[in-house]
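Thanks for coming. I will talk through one structure today, from the whole chain down to single side chains.

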Amino acid sequence: MEILSLSFFVGIIGNVISVLVFLSPIGTFERIIKHKSTEDFQSLPYICTLLNSSLWTYYGITKPGGLLVATVNGFGIFVEAVYVGLFLIYAPKKMKLKTGVLVGILNVGFVAAAIVVTQLALESETQIGAIGLVCSGLNIIMYGSPLAAMKTVVRTKSVEYMPFFISFFLFLNGGIWAFYASLMHDYFLGVPNGIGCLLGTAQLLLYAIYKNAKPSSNTSFQGLMEQGWQKEPLISQC
């Protein structure tokens with residue numbers, strides 16, 4: 001009973017942190033709405049995060065005790081759908097077409113196929129394992145972006161393209177969900193978030209080493225989060 005209470009408390013903290021990460025690009029979209037243009041911003045990070053949130057929501061609904069995973073990622077679906085919708089409204093024609101095609105393939109086709117296949121072809125326990133494996137695999141693939149950011153820092157000896165708050169939230173978000181997963185004995189949730197926590201730790205160490213080499217001109221919290229979302233967009237939300 002005490003473990004369940006602790007896991008619920010940790011899960012609530014994880015929900016709060018993930019919500020903050022989901023909402024971090026709001027300043028970017030205020031700018032898009034104000035200028036009525038997506039400028040040089042790319043839609044792919046938001047499409048991938050929408051896919052990630054959709055699959056984790058399905059996993060949370062399917063797995064017994066997965067309510068906290070489902071609720072925060074359900075919120076993520078709503079927020080990311082709004083972001084993607086704004087791209088479809090304000091992006092140039094070529095970007096709008098590209099966004100629409102990717103949404104159709106990834107957010108509609110892939111998610112629908114995953115649901116149909118797991119529901120019709122697999123038994124209950126196998127369903128959870130298959131969905132969890134897909135979610136974990138996608139999260140690990142998405143960590144290619146933080147790794148690229150770390151490579152850039154080492155090459156340029158500058159943290160300009162790896163803002164502190166993004167690294168901090170990668171560490172914090174990964175750590176809290178990895179801890180939650182250990183309490184729930186959920187390896188599918190624990191492995192990718194454990195990797196995220198380790199990557200966040202490594203990024204914070206790199207930041208400490210190179211922070212004085214070439215300071216970024218943008219020092220506000222919101223500015224750093226917006227810049228980081230574009231430079232290092234694919235952070236696991238759960």
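Predicted model: local features only at pLDDT ≥ 70, side-chain atom pairs only at ≥ 80, totals over all residues.

Residues are numbered from 1 along each chain as its sequence is written, and side-chain values use heavy atoms, with hydrogens and water left out.

First, the whole chain. The protein chain has 10 helices and zero strands. Helices here are DSSP runs of H or I with at least four residues, strands are runs of E with at least two, and both are numbered from the N terminus. Of the 238 residues in the protein chain, 48% are buried. Buried means under 20% relative accessible area, exposed means over 50%, and partly exposed is in between, with a 1.4 Å probe and protein chains only. The accessible surface of the protein chain is about 11600 Å², and 72% of that belongs to carbon and sulfur atoms. These areas come from the Shrake-Rupley method with a 1.4 Å probe, and for residues only the protein chains shown count as cover.

Next, contacts, meaning heavy atoms within 4.5 Å. Take those between residues at least 6 apart in sequence: 82% of them join residues at least 24 apart. F168 lies in helix α8 and is partly exposed, at 29% relative accessible area.

G200 is one of the buried residues of α9, which also include L189, C197 and Y210. What do the buried residues of α9 pack against? They pack against α3 (44–62), α4 (67–90), α6 (124–142), α7 (144–156) and α8 (164–184). Helix α9 has 24 residues (187–210), which at 1.5 Å a residue should span 34 Å, and its end C-alpha atoms are 34 Å apart, which agrees. The expected span is 1.5 Å times one less than the number of residues.

Now helix α1, residues 2–23. The side chain of S18 has polar contacts with the side chains of N173, at 3.0 Å, and W177, at 2.9 Å. A polar contact is a pair of N or O atoms within 3.5 Å; within protein, one must be able to donate a hydrogen and the other to accept it, and residues adjacent in sequence count only if both atoms are side-chain atoms.

F9 is also in helix α1, but F9 is exposed, at 52%. With L6, I13 and F179, F9 forms a nonpolar surface patch of about 350 Å² accessible area together. Patches take residues with over 30% relative accessible area and no salt bridge, joining like charges within 9 Å and nonpolar side chains (Val, Leu, Ile, Met, Phe, Trp, Tyr) within 5 Å.

Last, the salt bridge, defined as a side-chain nitrogen of Lys or Arg within 4 Å of a carboxyl oxygen of Asp or Glu. The count is one: R31 with E39, at 2.6 Å, N to O. R31 is partly exposed at 39%, and E39 is partly exposed at 30%.
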